[in-house]
Amino acid sequence: MEPDRNPLIIGAGPAGLTAALQLVKRGVTPRIYEASANVGGLARTPRRGDWRLDPGGHRFFTRSEAVLGIWRSLLPAEEWVAVARRSAMLVQGRRVRYPLIGRDLLTQLGVRSGIHGLGDLLRARLIRRRRHGGASESFEDWGTREFGRHWYTLFFDGYVRKTWLAEPADLTSDWANQRIRPIRWRKVDAFAARDVFRYPRLGPGQLWEAAAAALADSGVVTSLESPVVKVSHRGGTWIVTLQNCDTASGDAVFSSMPLRSLVEALEPGPPQHVRAAAAALRHRALITVGVALRERVDLPYNWMYTPSGHMRVGRIQNYTRWSPDLAPAQWGGTYLGLEYFTNTDGDLWLADDEGMTKVVEQDLRALGVAASAVEKIMVVRSQFAYPVYDSERERSVAVIRDFLRHHHPSLRPMGRNGMHHYDNQDHAMLSAMQSVARYFGDDADPWQVNTELRYQESGLLRM
């Protein structure tokens, strides 16, 4: 045991809980402060009676043996289900398989469209061969190079506008190589057979609830509904102040609260250029609406993306394909999760549940589903869902990172929101592991996690 160590953790999402698990493993008992009423962050599983919702559709895959070991230790094998990935994009009234497949593009939307798209793609590939490195591209430039202007416009331009609420030319492409797979022309069936991931039987929150329970057994207190409003450093001691005016002190702070909020909470306040960098960081909020339909709807996908501007919904999950146990036992209808991307000052975020229900019913009608088929609607809001990758992000994060390293080395940002980095769960966990390792003096750098391209394309470990 190390009684002289007394770290504080802000946030009980994947990063915060992983940091706590790692600290306990090294004989240290941290305290955790979580702003919401749930553990898991975006990977929580809200419940409405016997209905469970996955706010984001969380696939569990990794290349890290350490991450895999944690997942296995928290849930036994029988609590994991194997899910074959199937997704599609709803374009021109047709469901086109995604990731995109060459033969579908050449035939499914008509011969003329296929020839047009192929010609644009070949021209883009010629241009790409002549391109040499340089500064980060905009998403629009990257998408046009990767897919050709025609297929980029059909599949990605409208979807990116809808989901990021920004012009594609104003977004960087730093996240795109990991999140968007290239067109697959060969060995399609063999690839599909391998594209299987794991999923907790009762949703992603089941894993993080198990983590919180394991920590409680080790004496770690997770304080829910405890927003941190001030983070002060005095004489080598950190003091966090909660919204209810309670305080806690420790020798280090591991923070997965939004990086912008952390800078705003710091006392003494950082210099103006650091505060300005923090103010430039933006998040996209998410509203997930669980919809139980009395009838079976033919939707053989985990996800269906909706690039069209004629629908407000950005992506539709089919919860039954994630795990049948997200719905009540013996449920014979369809259970969907409609995802709406918004800002916190947008009309969707400000709408009450009745207003959201009207929006959902309009989108269901566009899908050919009558409002009379709806059994139940459940609305879940996630304020800090995705860090926005605009032109200011990289510079702003670097300014804040360098300031904290120099002036507050015992303040350790981690995770998706804590580092303002578009991480999967395993990357958030790895940044927490690296942060804890650095706390103990190891040569580790959490800022180097998730910097490689095309992470999801190869080398993934299986449960």
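**Close-up 1. The buried residues of helix H16.** In this predicted model, the buried residues of H16 are Gln425, Asp426, His427, Ala428, Met429, Ser431, Ala432, Met433, Ser435, Val436, Ala437 and Tyr439. With 12 of its 15 residues buried, H16 is largely enclosed by the rest of the structure. The helix covers residues 425-439. From first C-alpha to last, H16 reaches 21 Å, close to the 21 Å expected at 1.5 Å a residue. Keep an eye on what comes after: H16 is followed by Gly441, and the phi of Gly441 is positive, near 90 degrees.

**Close-up 2. Helix H10 packing against helix H14.** Two numbers describe a helix pair like this: the angle between the axes and the distance between them. Here H10 (residues 272-279) and H14 (residues 393-407) pack at about 135 degrees, and their axes sit 8 Å apart. That angle makes H10 oblique to H14. The crossing of H10 past H14 is left-handed. Which residues meet where the two helices pack? From H10 come His273, Val274, Ala277 and Ala278, and they meet Ser396, Val399, Ile400 and Phe403 of H14.

**Close-up 3. An open sheet of four strands.** Reading across, the strand order is E12-E11-E10-E14, and the pairing is mixed. At the edges are E12 (247-250) and E14 (266-267), each pairing on one side only. Zoom in on E10, residues 228-234: two bridges join E10 to E14, and these two strands run parallel.

How values were computed
Residues are numbered from 1 along each chain as its sequence is written. This is a predicted model: local features need pLDDT of at least 70, side-chain atom pairs count only at pLDDT 80 or more; totals for chains, interfaces and linings use all residues. Side-chain values use heavy atoms; hydrogens and water are left out. Two strands pair if DSSP finds at least two bridges between them. The expected span of a helix is 1.5 Å times one less than its number of residues. Buried means under 20% relative accessible area, exposed over 50%, partly exposed in between (1.4 Å probe, protein chains only). Axes are lines fitted to C-alpha atoms, for helices over the stretch in contact, and angles run from 0 to 180 degrees between N-to-C directions. Angles under 35 degrees count as roughly parallel, over 145 as roughly antiparallel, 65 to 115 as roughly perpendicular and the rest as oblique. A crossing is left-handed if the near helix is turned anticlockwise from the far one by less than a right angle, and right-handed if clockwise. Contact means heavy atoms within 4.5 Å.
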